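Here's a quick briefing to read with the model open in your viewer.

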Amino acid sequence: MPASPSTARAINDRLALHLLQQEGPLTAGQLKQLTGLSRPTVADLVERLTVAGLIAVVGESGEQRRGPNARLYGIVADRAHLAALDVRTESVSVLVSDLLGGVLAEASVPIGGDTGTGPAVEQAVLLVERAAKEAGADRLHTVGIGAPGLIDPTTGELRDSAGLPEWHRRLIAALQERLPARVIVENETNLAALAEQREGVARDRDTFVLLWLGHGTGAAVVLDGALRRGASGGTGEIGFLPVPGTATLPSATDCEGGFHSLAGAAAIVELAEKHGWSAGPAAPELPAAVLVRGAVAAVVQGGRSGPADDHGAGRAGGFLDALADRLAIGAASVAALLDPGCVVLGGEVGQAGGDALATRVAQRLVRLSPLATEVRASTLGGGAVLRGALLTARDGAQEELFTLPHGR
């Protein structure tokens, strides 16, 4: 059946807004050309979106033509302000942006393990409030939050997970109480996968798995372009995966003995020590990432300068080989279950290892699995969580603001 006039207007408005977001400011003539709509229809939607405060004249086209230059229309970026949070075990990072995702303010605060729940929550909330003030935002429209742990697929709330600080859950509730904003919570690894899919190394993939390698381990599964969360929100809890090479088995409340024991940050530091590899401190970066990045640099430098041992490249190479052996176990497990065709090594460690580590894992994966699986290194690293949280907040805000009431 043909669309009703109101439905057609809604479709046309969303199409025009999508083009303005994707292409930047456009003239009415360019909108007509890109949408295929008639000139009167484009004129109507431009007037409608202008009255709604969603678009405005932002300049004039520079085309050489008779008469006045055509007006350029763009989305009103300050129509709404957004915030994104990356909540870690011992820190919180926040950025505030406009409706188009332009970053206006960024900040972070460490939260020590001995900080009480109340003070930790207050530090984090004040961080958000200060960042919003610095960005010139009177109020926040939508807040996207990335946090470790399980997100209840029914309520959208962060579940009480063993091993995670209580202030995480309290922070979510405090933000919902103190900010006149919509709050969206998502697992940190899922947000990292979203960022890699939209802005990172997986932009050409509809199906892939992100293997998160940071303080802990995790995985995010994207199949046919859609993020898969599972029945209880636990898809990708690969830290609990029983694997060879550990002294025990994981339990329902502790991932020690699972893949986490092979590829978590503490395990990587121990592995480096075992191979005689060390690197200078580079606080506040994750020590495991510092070790991996230094090892890659040493191998490259050793290959250029002569005998490997003179530069410690032998020890560094041994460390990277052993780490690749471990990571290949997790990648092979993912490949056997999902056949994603692509595994992204994400997080701070994945980015630090770069192509050198990804290539080593791919070589081992060929021997472990009959399924062709490409291995790529993250281009966003630990920053992917914050980017994913911002994308989620932006999508949520635009979904609401770009949906105009249309009469019959």
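How much accessible surface does the protein have, and what percentage of it belongs to carbon and sulfur atoms? The accessible surface comes to about 19,200 Å², and 51% of that belongs to carbon and sulfur atoms. Keep in mind that this is a predicted model.

**Overall layout**
- Along the principal axes, the C-alpha atoms of the protein fill a box of roughly 75 × 50 × 45 Å.
- You'll find 12 helices and 13 strands in the secondary structure.
- The protein has 408 residues, and 49% of them count as buried.
- Take the contacts between residues at least 6 apart in sequence: 63% of these join residues at least 24 apart.

**Nonpolar cores**
- The largest nonpolar core holds 44 residues, and the ones touching the most other members are Val292, Phe319, Leu345 and Val361.
- Helix H10, which covers residues 313-338, gives this core its largest share, with 11 residues.
- There's also a second, separate core, made up of 34 residues, with Ile111, Val128, Ala137 and Leu175 among them.

**The cavity**
- Rolling a probe the size of a water molecule over the atoms shows where empty space is left.
- Searching the whole structure turns up one cavity of 30 Å³ or more.
- The volume of this largest cavity is about 30 Å³.
- Its lining consists of Ile151, Glu186, Asn187, Asn190, Arg229 and Gly233.
- Sorted by class, that lining has one nonpolar residue, three polar and two charged.

**A closer look at Thr217**
- Thr217 sits in strand S10, which runs over residues 217-223.
- Is Thr217 buried or exposed? Thr217 counts as buried, because its relative accessibility is 16% and the cut-off for buried is under 20%.
- Ignoring neighbours within four places in sequence, Thr217 is in contact with Trp212, Ile238, Gly239, Phe259, His260, Ala263 and Gly264.

Definitions and conventions. Residues numbered from 1 in each chain as written. Predicted model: local features only at pLDDT ≥ 70, side-chain atom pairs only at ≥ 80, totals over all residues. Heavy atoms only, no water. 1 Å grid on protein atoms, 1.4 Å probe; cavity = no way out; pocket = protein on both sides within 12 Å on 5 of 7 lines; lining within 4 Å. Points joined across faces, edges and corners; volume = space filled by probe spheres on them. Nonpolar A, V, L, I, M, F, W, Y, C, P; charged D, E, K, R; others polar. Helix = DSSP H or I, 4+ residues; strand = E, 2+ residues; numbered from the N terminus. Buried < 20%, exposed > 50% of the residue type's maximum accessible area, 1.4 Å probe, protein only. Contact = heavy atoms within 4.5 Å. Areas by Shrake-Rupley, 256 points an atom, 1.4 Å probe, with all protein chains shown as cover. Core = buried A, V, L, I, M, F, W, Y, C linked by side-chain atoms within 4.5 Å.
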